Amino acid sequence: MEYGSIEREIRVEATPEVVYAVISTPEHLREWWPDEAEFKPVPGATGSISFGERSTPDVKVVPLTVMEADPPRRFSFRWVYEEGEAATSANSLLVTFDLVPSGAGTLLRFTETGFRENGWEAAVLEEQYRDHVNGWDHFLPRLVTYVARLVSAR
């Protein structure tokens with residue numbers, strides 16, 4: 001196994017503009033991915049996302065830095081790095097959402113890279129990679145379901 005990158009392609013039944021809002025704004029992200037999200041969707045902005053109740057000791061808070069914000073085509077961020085550090089290609093993972101118009105909907109191309117670049121020992125690399133594969137396989141379908149609810153409510 002290479003543990004280099006995670007790639008997924010999913011069709012979303014909404015325009016790229018709608019999908020872009022859902023992948024780039026904290027109020028929409030909270031509906032399908034983290035429990036909390038705090039950041040501005042502009043390049044260079046820093047913030048965090050969290051999984052679990054903020055008031056509990058097992059909350060997992062992860063810093064995030066927006067890398068690209070090109071509505072409605074691309075949104076990317078770096079995450080999974082030590083708090084207080086600046087995100088770089090050597091200490092973080094890069095998540096990229098590319099949106100391609102497809103009929104009345106959108107083809108979402110998702111990639112997460114940087115696993116090998118982190119310098120993790122083999123066992124940690126394998127565990128991180130598998131955790132992220134499982135996580136995205138759980139959360140990306142939730143994005144599709146959330147967008148469907150959002151569009152049908154309009």
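Modeller: Let's start with a hairpin: β4 and β5 form one, with 3 residues between them. Bear in mind that this is a predicted model.

Colleague: How many bridges join β4 to β5, and in which sense do the strands run?

Modeller: There are 6 bridges joining β4 to strand β5, residues 74-79, and the two run antiparallel.

Colleague: What about the peptide bond that joins P71 and P72?

Modeller: That bond is cis, with omega at about -10°. P72 sits in the loop between β4 and β5.

Colleague: And what is the phi of V80?

Modeller: Phi of V80 is near 65°, which is a positive value in a residue other than glycine. V80 is placed in the loop between β5 and β6, the latter covering 93-102.

Colleague: Back to β4. What does β3 do with it?

Modeller: β3 pairs with β4, residues 60-70, in the antiparallel sense over 6 bridges. Within that pairing, I49 stands opposite V62 in β4, and G47 has L64 in β4 as its bridge partner.

Colleague: Which strand is joined to β3 by 3 bridges?

Modeller: That is β2, residues 36-38, joined to β3, residues 46-51, and the two run antiparallel. A37 stands opposite I49 in β3. I49 in turn stands opposite V62 in β4.

Colleague: Change of topic. Is helix α1 enclosed or open?

Modeller: Largely enclosed by the rest of the structure, because 7 of its 9 residues, in the range 16-24, are buried. The buried residues in α1 are P16, V18, V19, Y20, V22, I23 and S24.

Colleague: Take Y20, then. What is its relative accessible area?

Modeller: Y20 has a relative accessible area of 8%. The cut-off for buried is under 20%, so Y20 counts as buried.

Colleague: Which residues is Y20 in contact with, leaving aside its neighbours within four places in sequence?

Modeller: Y20 is in contact with A69, D70, P71, P72, R73, R74, F75 and L99. Among them is P72, which is found in the loop between β4 and β5. P71 and P72, the two residues joined by the cis bond, are both in contact with Y20.

Colleague: How far apart are Y20 and W136?

Modeller: They are 116 residues apart in sequence and 17 Å apart in space, C-alpha to C-alpha.

Colleague: Now zoom out. How many helices and strands are there in the chain?

Modeller: The chain has 3 helices and 7 strands. From the N terminus on, the elements run β-α-α-β-β-β-β-β-β-α. The radius of gyration is 15 Å, close to the 15 Å that the globule rule gives for 154 residues, so the chain is as compact as a globular protein of that length.

Colleague: What share of the residues is buried?

Modeller: Buried residues make up 45% of the 154. The chain exposes about 8,100 Å², and carbon and sulfur atoms supply 50% of that.

Colleague: Last one, charges. How many positive and negative side chains are there?

Modeller: There are 15 positive and 25 negative side chains, and the centres of the two sets lie 6 Å apart.

Definitions and conventions. Residues numbered from 1 in each chain as written. Predicted model: local features only at pLDDT ≥ 70, side-chain atom pairs only at ≥ 80, totals over all residues. Heavy atoms only, no water. Pairing = 2+ DSSP bridges. Helix = DSSP H or I, 4+ residues; strand = E, 2+ residues; numbered from the N terminus. Rg over C-alpha atoms; globule rule 2.2 N^0.38 Å. Buried < 20%, exposed > 50% of the residue type's maximum accessible area, 1.4 Å probe, protein only. Areas by Shrake-Rupley, 256 points an atom, 1.4 Å probe, with all protein chains shown as cover. Lys, Arg positive; Asp, Glu negative; His and termini not counted. Charge placed at Lys NZ, Arg CZ, Asp CG, Glu CD. Contact = heavy atoms within 4.5 Å.
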